Amino acid sequence: MSPNGRPDSRTGPVELLHTAPPFVDRGRELALLAAEAAAVSRGEPRLVFVRGEEGIGKTRLLREFADRSAALLPRVFTLRCAENRAVPFLPVVDGLVRPLVAEGRLEEPEAPISRLIEGESLPSSDRATSAGAAVEQSSTERALVRLVQQLAAEEPLILVVEDLQWADTETTNWLRALGYALADAPRQTSMPVGVVATVCTPTEPPHISALVEELRRETICSVIDLDGLDVLDAGELVRALGLGRASQQLVDTLYEASRGSPLLLQAAARSLVSLDALSEVGGRLVATVPSGALSLAQSLPRAVARDLEALEPSTMDVLAPAALVGDPVEATLLARLCSLSPSEGATRLAEPVSSGMLLTDGTNYRFAQHHVRRAVAERAAATRGQSHLAIARELARGSADADAIGAAQHILDAGSLAPGDDVLELCLHAARRAGALEAWATEARFYAAAARAMEARDEMPDVAELASLHRSAASAYYRNQDVGPRIEHWRRALELVSAPDQLDAHHQLRGEAVLELARARLAHETPFGQLLELAPLDDWEAGLPEIEDSRRLRVRAAAVRSQAFFHAGRGREAEEWAQRALDDAGPGEDDILIQVCMSLGLARLFAADDAGALEWFDREAEHAERLDDDSHRVRAGSRRTLALYGLGRLADAEAEAGRVAALAATQGEWADHALALAAQAGVAALRGRLGRVERLGREALVLAQRAQYGTANEVLMGIVASARIWRGEWDDVEDAIELWNRESGAARRRIHGWFVSVARGRIDEAKQAAERAAERLPPVPTAEGLGAAAALIDLAATLDQPELVERPYELLLAADGRGKAVAMGWPALVPRLLGTAERLLGRHEDAEGHLSAAMQVAEREQAHGELAVAALELARAIAAGDSGNARGDEVRMLARRAAALLHEVGMEQRAADADGLVARLETRSPGRRARYPGGLSPREVEVLRALTRGLTNDQIAQSLVISPATARRHVSNIYLKLEVTNRAGAARFCVEHGLADDEEDAD
């Protein structure tokens, strides 16, 4: 204070730190990350996204976490994604692969990883399109996932991924594949891998947002939203910046201006200093302007600009290319770009290094803050194009893949300054290198750029060469499953080779374009049930000369036509064209024949001819083996599984489904993996293993959601909802209809809703709905129609309404004549359903024949659920036709057997009917033995187990695929039955009565 008691106007010089803000305590976030690290050390995989604004402290938090985790976890790998460095897999290579190579731990890496390490020896790739389906993961992605799994088998590890928003597409895809692989790790297998990734929310691109939303549905994933510091931590940071005598008023001013962001807080402090807006009162620094006077949107750039203006022009001449190359930049490369020796370059950069603006390890340079790098790049705007051009030419001298791809990116960034021939050459080279790495997105991008460069030439381009570039771009987009650009590039290729002066040449390329466009439009533009416009195919084929490759093109055309007619539901024409393709195909054309066999098999499957479908799927599998292609093996196997299931060969179907599921898991083929699990769930339903149905269903639903594959969801819904109906869990049935069938048609919802209506007492409503459904059944058996027919017969038995079964009975009788044994949409044996219908219609002898046959099938295939129901129906049929009670002992034996089996497998809805029949036969009250202590139902036991594991009601709902309201109702019922008042009491009951062990078949 001055002698007159006023504040001193002079504070003395104030020196602020110019480096990144120091780390201050983030206790809550560090505790959350420490808990995740502890889980990893126990062998549990974890995936964490740390999200927040730029400068909020995400990277600093992860570095502190990595340092503190060193004692708990042996290895922490840091993968840095850099802005403007979209080289395929570069963060993974630099942060994981190369450190392992340096340690001598990758002496014999897999071939895809060798290609990443030794790009200079990698042959170029220029793939043409394939008639097969696009792969969902490249072999490089899978190899990198396996590498992480192999490392985890040796020791726990953490992968820290910085700035995920800047990751290249291939690294993003790898992270998705790794996340799913970790989530799918079996519970009994240790998988000590933790992945912690930072994401800057304001600059988060849509594909990264989609990735986070996809993976956060997995149980291993959590998200930490990083907010600003609290006021106490902000005060600590202010003092650490150099304002050790800061008053609380000064801290509050800076805190309000920065909203607790460490970076903005530092900028606000520097703004106060530059404005000379600090004063001293009683030995403490105070702000002489309010927080609103600090425009941080301007102060941060102004502060960086002042720092840059203070540098020598010669220093800026070196910093500018460093900012354009991207972090990190090799010192030798930077020196070459500036025509300096390495020592001269180091001398010029000494000042920004000493101030903390630039970081170096002696070999590479890295900007301390992203906003500094951007500011330097902006100052170099006038010469940016020339700098990019120089960088491209310098990188083009390198032999590694990263050099080739980086050179192409910089030549594109150079814009109009880049000579067209240079653009074409570098982009074409980069595309081939990316293709050899199976970096489909990067390959597609550069082939498209090469095509644009060729079209922009002054001279007329070679038509065949330009069309081939468009073909290569389309093929890469196809492998990357990017539909729009794929179609556009094929259209452009077709346009080029269809010009009047080109019609006598390029027949092969024109044929490929016509056929690929037809396939693309069929898959993505033609609604199911409509016929693809075939005129372009007709016109092309009419003008196709008899050249060497014309036969193969005609075979492919026949295969496309077959698929088009199948898509339109015109089975006869589909089979005719498929047969024509088979007749004309050569012995080595497995890539075409596999598509033909698939089409024929699907046509038979949807026509409820499972035996015929299996023959074609067997042939499809043979072609897949000759192609030695795991993706085709998975697809053929998943279809074989469905045919075997439909034929009632449950053991074979289960074994095939297990093989397919294991192979699909290694390939990332989520759709077929889901279908395989759906088939296993169907087998479990027939066998009465209803708890296993639920578990398989939940797992398959996750996979179907990953693949966005509605067909698997449709199949699953029917199986799981049916199992819940047999348990009599009506709230859960309604949840299944709502939660499992959002993408499916209303017909499925209605079928299972009938039984809910009956359970809720709305008998007339259910009966009227069923009558309308019976009238709409197709005249001939179809896979869809049989599911509805099967459900109608069981509903008619529940309602005792014989008039409902006549049309469903005729449909199932025709299917039975084709060898159909199981109805897919309503898991039940066709002979049992026929017997049930005949019993209702009073045809007791016919009913006995079908029901006895059903019991034989059920006995052979261990289908205990269907065995029990068939026994109950047979007892009813015999009793109804035995007017003299001559077969009373046989009826009582069957009824007792049915009741015992139904109780054993948990089919409580049917068990109640069996108990009633036994009681009537033995003239005593029905007795029901409790399956679980406390009178708990199977579903309540599942909820109790989840509750005992510490799950909240919402988590229980998500885990069991029921609504939160239903979960709360189950918990309340458990409390009432067990006479407890809280979760601790319920958990204690669970443990004391041996219910805590979640066995595979707790039903």
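Reader: What makes helix 23 largely enclosed by the rest of the structure?
Author: In this predicted model, 15 of the 18 residues of helix 23 are buried, so the helix is largely enclosed by the rest of the structure. Helix 23 covers residues 507-524 and reaches 26 Å from its first C-alpha to its last, close to the 26 Å expected at 1.5 Å a residue.

Reader: Why is strand 4 called largely enclosed?
Author: Eight of the eight residues of strand 4 (residues 193-200) are buried, so the rest of the structure largely encloses this strand. In a regular strand, side chains alternate between the two faces of the sheet. Here both faces are covered: Val193, Val195, Ala197 and Val199 are buried on one side, and Gly194, Val196, Thr198 and Cys200 on the other.

Reader: Which bridges join strand 1 to strand 4, and how does strand 3 pair with strand 4?
Author: Strand 1 (residues 46-52) runs parallel to strand 4 and is joined to it by seven bridges; Gly52 has Cys200 as its bridge partner in strand 4. Strand 3 (residues 157-162) pairs with strand 4 in the parallel sense over five bridges, with Leu157 opposite Val193. Two bridges are enough for a pairing, and the counts here are seven and five.

Reader: How do you know whether Asp458 is buried or exposed?
Author: The relative accessible area of Asp458 is 81%. Exposed means over 50%, so Asp458 is exposed. Asp458 is found in the loop between helix 20 (440-455) and helix 21 (463-479).

Reader: How many aromatic pairs does the structure hold, and why is the pair of Phe566 and Phe606 called tilted?
Author: The structure holds four aromatic pairs. In the pair of Phe566 and Phe606, the centres are 5.9 Å apart and the planes stand at 45°. Pairs under 30 degrees are stacked and those over 60 edge-to-face, so this pair is tilted. Phe566 lies in helix 25 and Phe606 in helix 27, so the pair ties together parts that are 40 residues apart in sequence. Phe566, at 17% relative accessibility, counts as buried, whereas Phe606, at 46%, is partly exposed.

Reader: What makes the pair of Trp726 and Trp826 edge-to-face?
Author: The planes of Trp726 and Trp826 are at 80°, with ring centres 6.0 Å apart, so the pair is edge-to-face. The pair links Trp726 in helix 33 to Trp826 in the loop between strand 11 and strand 12, 100 residues apart. Trp726 is buried at 3% relative accessible area, and Trp826 at 1%.

Note on methods: Residues numbered from 1 in each chain as written. Predicted model: local features only at pLDDT ≥ 70, side-chain atom pairs only at ≥ 80, totals over all residues. Heavy atoms only, no water. Helix = DSSP H or I, 4+ residues; strand = E, 2+ residues; numbered from the N terminus. Expected span 1.5 Å × (residues − 1). Buried < 20%, exposed > 50% of the residue type's maximum accessible area, 1.4 Å probe, protein only. Phe/Tyr/Trp six-rings, centres within 6.5 Å; stacked < 30°, edge-to-face > 60°.
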